[in-house]
Amino acid sequence: MTLQPMVPSETDTAAFEPGLTPDNRSHTLGAVADDWAAIEVWLGAVAANSPHGSGQTIATYRYHLAKLRWYCDTVCILPPPRWSMQEVQEFKAFLGDVPGFAITARDVVDVSGAACGTRPGPFRKRPSASSQGDIMRFVSAMFTALHQTGYIARDPTALLKSRKPKRLDKTRTVDLDVFAELLGGMDPHHSEAPTSASRLYRRDRFILIALRELGLRASELVGASMASVYRLSDPATGKSYWVIKVSDESAKGGTGRTVPMTKTAMDALVAYRIEFGLLPLPCATDTHRLLLSPRTAPMVRGERTITAARDLRYFRQWGSVGTRHGLYRIVKGRLREAAHVLDARREHDAAERLRKASPHWLRHTFATAALLGGHDIRQVAAALGHSNLRTTMDYTEQEALDQIRAWESTSPGNVASA
């Protein structure tokens, strides 16, 4: 049977009174207009309880809620507080095989093949097993909160089996030689004057280097501004160094940090800024986002709104890469291009690994390369923003390496070498 979107009937909408729990019990959420308003009260509490005011958790929850609400309005026709275990299982099954009408499409055709607009589904693509798990964990957290506050009498996800957190896959790294070829194989788009293609090349090269050499998360890179890169002086030596500040708002867990810029990353940033017509070095008053788009954004000067692209380029009114999903698409596109080159050279295994890689793989690559290169694990943990060294140690067999180095120091040659 083909699943089709449903249209609520008068019976469906009249069967449930907004703001009342199934058994009419009192609850601690206060006055709420309907079930969705009750969920909003819970989200407000989640935001208030986020450490240091970080918006990452609430942003993720709202991202999942949009899908859930679309499902309730279009398929289930039943708000979550009225769900039983059966509705939970049906939603879980829906995520496992999302139908075509739920996936966003820019060009929709009718039966004759003629274009008839767009389809605004909430899913960009069918969610992976990992994404399905994330959505269901959000649903479980929501129902747990509604039950604990007395808004619903029972938690329909109480028997939902929760998978154990995934252990870090140490193989999710990009070979450093392959990464060097990735950068070297990118088309530089040489031209006398900057073009949209040359700007994309310089920006994307900086993105790849920043992810690989600074160990930043995608959300942290997207959340940074040009002013996030600044000089830091060392009183002990009198020297100044370039660093990048990860804000509390964009950092996972709400705790920001400062990461040293490598020379390669700084050189890539300078070349990228010049291509966009900016001064080579960033300053504290630079209001541009760190990741710019060659597309321009309208600006207002006096009583006039400027929309002409050429004028906006003159005033450096660039758009920006505003989401981690936008960054993900940029990186995946460059990785696919490099994979095609490897396929042409019959290096199919390396090509397949690049197709599987993602921005987070480059963060893993940074951590693994730094630890295996002998960097102090505490400094690597600080760069990654890990509060627990155990998390950092998972990136490589650090405990085994520590033991080997100790044995080699006291009893050289005692450990079998390969």
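Predicted model: local features only at pLDDT ≥ 70, side-chain atom pairs only at ≥ 80, totals over all residues.
Let's start with helix α5, residues 129-148. Helices here are DSSP runs of H or I with at least four residues, strands are runs of E with at least two, and both are numbered from the N terminus.

Residues are numbered from 1 along each chain as its sequence is written, and side-chain values use heavy atoms, leaving out hydrogens and water.

Back to α5. Among its buried residues are M136, F138 and F143. Buried means under 20% relative accessible area, exposed means over 50%, and partly exposed is in between, with a 1.4 Å probe and protein chains only. What covers those buried residues includes α2, α3 and α4. Just after α5, G150 takes a positive phi of about 85°.

Now the cores. A nonpolar core is a set of buried Ala, Val, Leu, Ile, Met, Phe, Trp, Tyr and Cys residues joined through side-chain atoms within 4.5 Å. The largest has 52 residues, and those with the most contacts inside it include F206, L221 and L327. Helix α7 gives the largest share of this core, 8 residues. Apart from it lies another core, of 39 residues, and M136 is one of them.

What about charged pairs? A salt bridge is a side-chain nitrogen of Lys or Arg within 4 Å of a carboxyl oxygen of Asp or Glu, and by this rule there are 14.

First up, E40 pairs with R62, with the closest N and O atoms 2.7 Å apart. This pair links helix α2 to helix α3, across 22 residues of chain. E40 is partly exposed at 35% relative accessibility, and R62 is partly exposed at 41%.

Next, R334 bridges to D204 at 2.8 Å, joining helix α11 and helix α7 from 130 residues apart. Here R334 is buried at 11%, and D204 is buried at 5%.

Then there's K263 with D267, at 3.0 Å. Both lie in helix α9, 4 residues apart, about one turn of the helix. K263 is exposed at 64%, whereas D267 is partly exposed at 42%. Finally, salt bridges that share partners join R203, D204, R334 and E337 into one network.

Terms used:
Expected span 1.5 Å × (residues − 1). Contact = heavy atoms within 4.5 Å.
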